[in-house]
Amino acid sequence: MLKLYNTLTRKVEPFQPQDGNTVKMYVCGPTVYDYLHIGNLRPLIVYNALRRYMELFKGWQVIYVQNITDIDDKIIDRAIAEGQDTLSITAKYTDAYFKLLAALDLSPADHNPRATDYVAEMIKLIATLLDKGYAYEQDGSVYFRVTKFAQYGKLSRRSVEDLQQGVRIAVNEQKEHPADFTLWKASKAGEPKWDSPWGAGRPGWHSECVVMAQKFLGETIDIHAGGNDLIFPHHENEISQAEAVTGKPLARFWLHNGMLTIKGTEMHKSHGNFVYAHQVLERFTAETIRYFYLTRHYRKPLDYSEEALEEAEKAVWRVKNLLNDIEAEFSSSLITTQDQTPDKSDCTNSDRDDFLQRLSHLKQQYIAAMDNDFGTVDGIAAVQEIVKEAHRFRSRATGDDRNALKEALVLIRDLGLPLGLFKRQAQTERSREEELLRLLIDLRQRLRAKQDFALGDKIRQDLAQLGIILKDTPQGTTIVSKQIDQSN
Ligand SMILES: [Zn+2]
């Protein structure tokens, strides 16, 4: 059973989708005012992997929503700095964002709503909060009244009193309480604006995510995720607005990943110590980058360095070299297929059986690790253990026993799949052809087993005309293709 750490309860809890089979998941997306830095990549990689794990290993369907925040003070500042309008800025960086996702080989979200497409719904939400007394208007702006929402602070475990003390003297005079936050911001001259009952302005960031999450996933979603820098105020403020209106939890599980550090300091645009994601992609493959992120537990801080990525690169290659070697052994010049009924008197297969048993045990270990709050570190360690076992087995197994290596290959690929690791290289025409050949040989053997030699022979003759020669040996059927004959 999958268990996840829920920031709301501060506990690792069993997770099941609320309606049985469909997981409704919302991950806060980027504010499109710049290229993403590598700290921004962590939630993208982690939650994408979690989603794939739930789909592939739990059999759930995941509806994955990740928004685009395309209206924000930072966008306006950037537009002024670049001497462009905000639309050109958001178009440019939204485009770059989607290109980056593709380059990282991350599955696209089911929905990528853009905030500016849902302003009408945001105005409706804010109007409802005003009606219910959870908000008030001041000079064309609207603020949320935190003292009215009794559970304010439940996610971040802060009290309204603490917040009052924590705020410096320079409080916004318009607010009733220093912790009250903006729902609607009156626009200044030249800023993008939408008409509202309170005059021209734009929605606040916290209202945007509530509207987009609920629009696609309903009043209560299964998983709301993001970086732990979003717990307060962003997610706290999402909860207060949504739950003040519906009286129902906005999300059942709140997941938060740790921050990326560089030489021990948190990476931030404002600190000036950041590295752009596309710069790292110029040096390392998407697979290496994913390995780097997933070999540290998602809730812990992760320190970035080129050396750490180089280590990840080597680790990925060690696995891939083994997979390539096994693949080459079984699909280059000779393809041997096992008899349908292996001759049991043939060998004492204890070594092979031990190996297969070990594989099955390590697969269970992988699942147990991943189920334990998405423990990709131990999950990947189990895969690396399979690699070691396969090396050992490979060095001593002979004859048909070696076929067990194929099982190791398939298993490593399967376990890597949710993580986007150890995938097959882009298929060459030849390996695809070989897969088809294997199917045909298997079919022919089944026909022969049913005494249908005529059709079996036809397959062989037709293949021979294509230059592919099948040879029946006591160990199974061997292929010798013309191409390979020539190369020998
Ligand atoms: Zn958000």
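Q: Which residue stands opposite Val-27 in S9?
A: This is a predicted model, and in it the residue of S9 that stands opposite Val-27 is Ala-225.

Q: OK, and how many bridges join strand S3 to S9?
A: Strand S3, which covers residues 22-27, is joined to S9 by three bridges, and the two strands run parallel.

Q: What about S10, how many bridges join S9 to that one, and parallel or antiparallel?
A: Six bridges join S9 to S10, the strand of residues 251-257, and this pair runs parallel. Within this pairing, His-224 stands opposite Trp-254 in S10.

Q: How many residues of S9 are buried?
A: Strand S9 spans residues 221-227 and is mostly covered, with six of its seven residues buried.

Q: And what unit do S9, H7 and S10 make?
A: Together with helix H7, which covers residues 231-246, the strands S9 and S10 make a β-α-β unit, and that unit is right-handed.

Q: Staying with H7, where does H4 come in, and at what angle do their axes cross?
A: The axis of helix H4, residues 119-131, comes within 10 Å of the axis of H7, and the two cross at roughly 65 degrees. Angles of 65 to 115 count as roughly perpendicular, and H4 and H7 are therefore described as roughly perpendicular to each other.

Q: Left-handed or right-handed, that crossing of H4 and H7?
A: The crossing of H4 and H7 is left-handed.

Q: Changing topic, how many residues has H15, and what follows that helix?
A: Helix H15 has 13 residues, 453-465, and reaches 18 Å from its first C-alpha to its last, close to the 18 Å expected at 1.5 Å a residue. H15 is followed by Gly-467, which has a positive phi near 90 degrees.

Notes. Residues are numbered from 1 along each chain as its sequence is written. This is a predicted model: local features need pLDDT of at least 70, side-chain atom pairs count only at pLDDT 80 or more; totals for chains, interfaces and linings use all residues. A residue is buried if 20 or more other C-beta atoms lie within 10 Å of its own, exposed if 12 or fewer, and partly exposed in between; C-beta atoms are placed from the backbone. Helices (H or I, at least four residues) and strands (E, at least two) are DSSP runs, numbered from the N terminus. Two strands pair if DSSP finds at least two bridges between them. A crossover is right-handed if, with the strands pointing away from the viewer, the path from the first strand over the helix to the second runs clockwise. The expected span of a helix is 1.5 Å times one less than its number of residues. Axes are lines fitted to C-alpha atoms, for helices over the stretch in contact, and angles run from 0 to 180 degrees between N-to-C directions. Angles under 35 degrees count as roughly parallel, over 145 as roughly antiparallel, 65 to 115 as roughly perpendicular and the rest as oblique. A crossing is left-handed if the near helix is turned anticlockwise from the far one by less than a right angle, and right-handed if clockwise.
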